[in-house]
Amino acid sequence: MTQSATVHTSAAAPVTIGDLLVGPGQPTYVIGEIGINHNGDVEIARKLIDVAAESGCQAVKFQKRTPEICVPKEQQGKMRQTPWGEMTYLEYKHRVEFGQDEYREIAKYAEECGLQWFASPWDVPSVEFLESFDVVTHKVASASITDHELLRALAATGRPIILSTGMSTIDEIDAAVEIFDRDKLVILHSTSTYPMPEDEANLLTIGTLRERYGVPVGYSGHERGLQISLAAVTLGAVAVERHITLDRAMWGSDHAASLEPTGLEHLVRDIRVIERALGDGVKRVFPGEEEPRKRLRRATA
């Protein structure tokens with residue numbers, strides 16, 4: 001494919017995810033990415049669901065793997081220091097992976113908290129696992145965008161798809177988009193540096209992806225702080241996904257690039273302020289301007 005392939009200039013229509021619409025003209029869909037920050041502990045997962053609900057998120061997201069498939073053979077036997085002692089990398093990946101019982105509890109608790117939940121499946125058996133829970137959508141992690149076997153399995157579910165585009169070329173994104181129904185596709189601009197420096201954010205890509213594919217485009221951020229995510233909303237991002245943690249000092253690979261509870265609360269608060277402030281683009285005189293207009297306006301012949 002060439003750089004100009006598959007340009008799709010029609011306006012992006014909102015995508016239905018569960019009982020919500022995600023797209024232009026809708027409230028920003030805020031996803032608290034729990035990922036593996038639960039460290040294999042359901043109680044930590046429940047606390048993070050609480051944080052997302054209390055902050056005003058619409059959804060929480062997890063990651064689902066079959067370790068024997070996802071961990072390269074040459075890495076499976078490598079020893080790793082963990083909070084539970086020294087173990088092989090494969091043993092560690094099993095230690096932090098949730099199964100049916102844990103996800104059943106997560107599904108019930110998220111529903112009680114008024115949140116949607118879903119996950120990024122990293123292999124085909126994990127798609128089947130998540131389908132058994134009737135999730136509202138599936139998320140394609142940036143690392144999986146070239147795994148066309150996985151993408152075809154996701155497309156076959158008929159569910160809406162959220163596609164992250166970190167560490168991807170435009171040709172790789174083109175090939176992935178062709179597998180999915182665009183009427184059910186939301187793309188997330190992302191840069192897969194953890195944590196991400198501001199000079200790698202490249203937020204104008206949000207508009208590039210929206211014009212190229214004609215689907216709603218959001219933002220998945222791995223930066224520290226809030227400014228870049230808020231700027232993404234100003235540039236038209238219809239969804240914002242951020243990793244969340246109880247404490248950035250916790251053990252684990254993703255905690256340092258995550259938002260703590262106060263940060264997440266401020267993010268959602270400020271997104272809602274921006275939504276109100278953006279308006280509709282129609283120039284008008286507002287009620288608050290009427291008195292100053294009468295007092296201060298001068299007219300000359």
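This is a predicted model: local features need pLDDT of at least 70, side-chain atom pairs count only at pLDDT 80 or more; totals for chains, interfaces and linings use all residues.
Let's start with the largest pocket. Its volume is about 540 Å³.

Where does the lining come from? At least two residues each come from β4 (59–64), from α4 (89–95), from β11 and from β12. β12 gives the most, with three residues. Now the classes. The lining of the largest pocket holds 12 polar, 10 nonpolar and eight charged residues.

Next, the second largest pocket. Its volume is about 250 Å³. Its lining has 16 residues, and T165, S168, I173, H189 and T205 are the closest to its centre. Two or more residues each come from α8 (170–179), β10 (185–190) and α9. Which element has the largest share of this lining? That is α9, with three residues. By class, the lining of the second largest pocket has 11 polar residues, four nonpolar and one charged.

Last stop: helix α10, residues 227–234. Which of its residues are buried? They are I228, S229, L230, A232 and V233. An α-helix has 3.6 residues a turn, so residues three or four places apart point the same way.

What covers the buried residues of α10? The cover includes α9 (205–213), β11 (217–221), β12 (239–243) and α11 (261–278). After α10 comes G236, with a positive phi near 105 degrees.

Notes:
Residues are numbered from 1 along each chain as its sequence is written. Side-chain values use heavy atoms; hydrogens and water are left out. Buried means under 20% relative accessible area, exposed over 50%, partly exposed in between (1.4 Å probe, protein chains only). Helices (H or I, at least four residues) and strands (E, at least two) are DSSP runs, numbered from the N terminus. Contact means heavy atoms within 4.5 Å. On a 1 Å grid over the protein atoms alone, a cavity is a set of points where a 1.4 Å probe fits but cannot get out, and a pocket is an open set with protein on both sides within 12 Å along at least five of seven lines; lining residues have an atom within 4 Å of a point. Grid points are joined across faces, edges and corners, and a volume is the space filled by probe spheres set on the points. Ala, Val, Leu, Ile, Met, Phe, Trp, Tyr, Cys and Pro count as nonpolar, Asp, Glu, Lys and Arg as charged, and the others, Gly among them, as polar.
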